[in-house]
Amino acid sequence: MNHSLRVASLGLQLTRLRVVDVLLKWAVALEFQPTFPKMGKRTRIFNAMVMVLGASLISGCHSEGLDMRLEAYPVEQEGDCHGMTVHSIGEQRAAAGVLDSASTWGYVLEEGEEAVFSRAWLSDHSTRSIDIQYFIFSMDNVGLIALDYLIRAADRGVQVRMIVDDIMLDVALEDVAALNAHPNIEIRIYNPTEGKNAVQKVVNVARDFQGFNQRMHNKTFVVDGQVAITGGRNIADEYFDYDQAYNFRDRDVLLIGAGAEAIAASFDAFWDHPLAQAFPWETDKNHTADLYAQIHAYACDPENFWPEIRALIDGIPDAIPHILASGRLHELEDIRFVSDAPGKNSSGGFSGGGACTDALLAEVQGARESVVIQSPYLVLTELGLGLFRDAVARGVDVTILTNSLCSTDNLEAFNGYQRIREDLIAAGVQVYEYRPDAAIRKQLITAEKQKRAGYVPVFGLHAKSMVVDHRTVVIGTFNLDPRSANLNTECVAIMESAPMAGQVESLMLQELAPENAWHTTGDWNPDGAAGRWKQFQCWLRGIVPTSVL
């Protein structure tokens, strides 16, 4: 795929994500915003028009087939760019001395490219199963290469199961059907909007708007039931430092042993739930074979996935002794993997909490010395403000790093943060906002293509992490906002390990340095650095109620 086509594909994806998100939030704003009590019927009519437009855009974005994106790649191709599977995952565990089934070892994935390597190598060396659960699975460069690894694993007899949230399904339905047609691949769609066309869909949305807003935000990747990855990353270029315009600073954790088994059990709970619906379409067998071949041809094109990167993936077994020697593979004293139940809560409104909300509240309430948090979105209700106010009153040092207006990808959420920023600072919380040109990106972004490009893309925070009292590490999908607290299903790994906490906290504190973040105070914030136009765009989002941010 040439550069202009990649940029166009990325632009379509980002536009889709933002337009759909904005439309949903504006629809809720028009329906529930208490400052418009007299608009009545006119508001509801306009609200319905907004939702119809949103549903049309959603269904329209499903229409682009992969054959359009892959038309330059041949159906017939000689050779295979995948290396030979020499060492199984079990053999590597034995070599590393991490075979105790009652224990859990954790390895933090800070760098995007390392997170790519890990998923690719695990896929290539799986022998029984791969279970994947993601909010976003984009058909950009990273997504297509990931599909190739999954198809190759399925060809070897590995059972591949995928759950993807319906609203962010970035692929034509006929292509989903083609992937689902593989005898060893099964795809389920979480909380699909019923209806044969946009009008029927919007009617169903209007009837159950709260249910429609209950999305699956979990992100898990489980291989052979014994190794798992969870954290903030979706499957898309910008989560792995491969985008040319905007990249997320994110964090995952790779878990081996009992912790991985807990994530596998959570996946099964979603897989078996009625909200995860089997894909009903069938497809032409010729289309299926051609699509698989084109995906493979795309992934084997050295312009899309450099041979040097494949060599690094193949060299992972050689890297394991170095990881062990560096002390970065941590045997955890304890781990709790907490996942919200499918469907989240039955409050009937935009509140109600969930298992992750309760677990994180308990961690902050139990803090005695310090709490260090990274959250891309920081929209707190009075409950959240009171939580941190009480912690500070107990003598706990609370520090939070979030996005600045310059670095954020979500203006609605940032507007919500602006509403509580002064109160949060007045409560005694030390607040920092990420710089879009954070110097640390040159340390965290190891992708060779970014080095060659001069680290041009904007760098935005997406990691959702917390370190409590220098020994408890939380890595997951939970944003500090009402949507994560009450609507989306989320998951977090809560790990006890002073060495891991020291490693993660040290880097989190490094990111607070002036070259990486602005220290926001009651007298000053960096909003002005974003320019008047972005400030105005953000101000317009004030109509959206906090409850759905």
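Author: A cavity here is a set of points on a 1 Å grid over the protein atoms alone where a 1.4 Å probe fits but cannot get out; a lining residue has an atom within 4 Å of a point. Grid points join across faces, edges and corners, and a volume is the space filled by probe spheres on them. The model is predicted, so local features need pLDDT of at least 70, side-chain atom pairs count only at pLDDT 80 or more, and totals for chains, interfaces and linings use all residues. Numbering starts from 1 along each chain as its sequence is written, and side-chain values use heavy atoms, without hydrogens or water.

How many cavities of 30 Å³ or more does the structure hold? There are five. The largest cavity has about 220 Å³ of space. Its lining takes in 17 residues, and closest to the centre are Val116, Arg119, Ala120, Val142 and Ala146. Which elements supply at least two residues each to this lining? They are α5 (112–124), β2 (129–134) and α6 (141–155). Such helices (H or I, at least four residues) and strands (E, at least two) are DSSP runs, numbered from the N terminus. Helix α6 gives the largest share of the lining of the largest cavity, with five residues. In that lining, 15 residues are nonpolar, one is polar and one is charged. Ala, Val, Leu, Ile, Met, Phe, Trp, Tyr, Cys and Pro count as nonpolar, Asp, Glu, Lys and Arg as charged, and the others, Gly among them, as polar.

Now the second largest cavity. Its space comes to about 110 Å³. Eleven residues line the second largest cavity. Met139, Met162, Leu169, Val171 and Leu179 lie nearest its centre. At least two lining residues each come from β4 (159–165), β5 (169–170) and α7 (173–180). By class, ten residues of this second lining are nonpolar, none is polar and one is charged.

Next, the charged pairs. A salt bridge is a side-chain nitrogen of Lys or Arg within 4 Å of a carboxyl oxygen of Asp or Glu. The count by this rule is 20.

Take Asp165 and Arg215. They form a salt bridge, with the closest N and O atoms 3.0 Å apart. Asp165 lies in strand β4 and Arg215 in the loop between α9 (209–212) and β7 (220–223), so the pair ties together parts 50 residues apart in sequence. Buried means under 20% relative accessible area, exposed over 50%, partly exposed in between (1.4 Å probe, protein chains only).

Arg249 and Glu110 form another salt bridge, with 2.8 Å between the closest N and O atoms. Arg249 sits in strand β9 (residues 246–249) and Glu110 in the loop between β1 (104–109) and α5, so this pair ties together parts 139 residues apart in sequence. Arg249 and Glu110 are both buried.

Then there is Arg336 with Glu363. Their side chains meet in a salt bridge at 2.7 Å, N to O. The pair links distant parts of the chain, 27 residues apart: Arg336 is in strand β13 (residues 334–339), Glu363 in helix α14 (residues 355–365). Arg336 has a relative accessible area of 37%, so Arg336 is partly exposed. Glu363 counts as buried, because its relative accessibility is 13%.

One network remains. Glu110, Arg249, Arg251 and Glu511 are joined by salt bridges that share partners.

Definitions and conventions: On a 1 Å grid over the protein atoms alone, a cavity is a set of points where a 1.4 Å probe fits but cannot get out, and a pocket is an open set with protein on both sides within 12 Å along at least five of seven lines; lining residues have an atom within 4 Å of a point.
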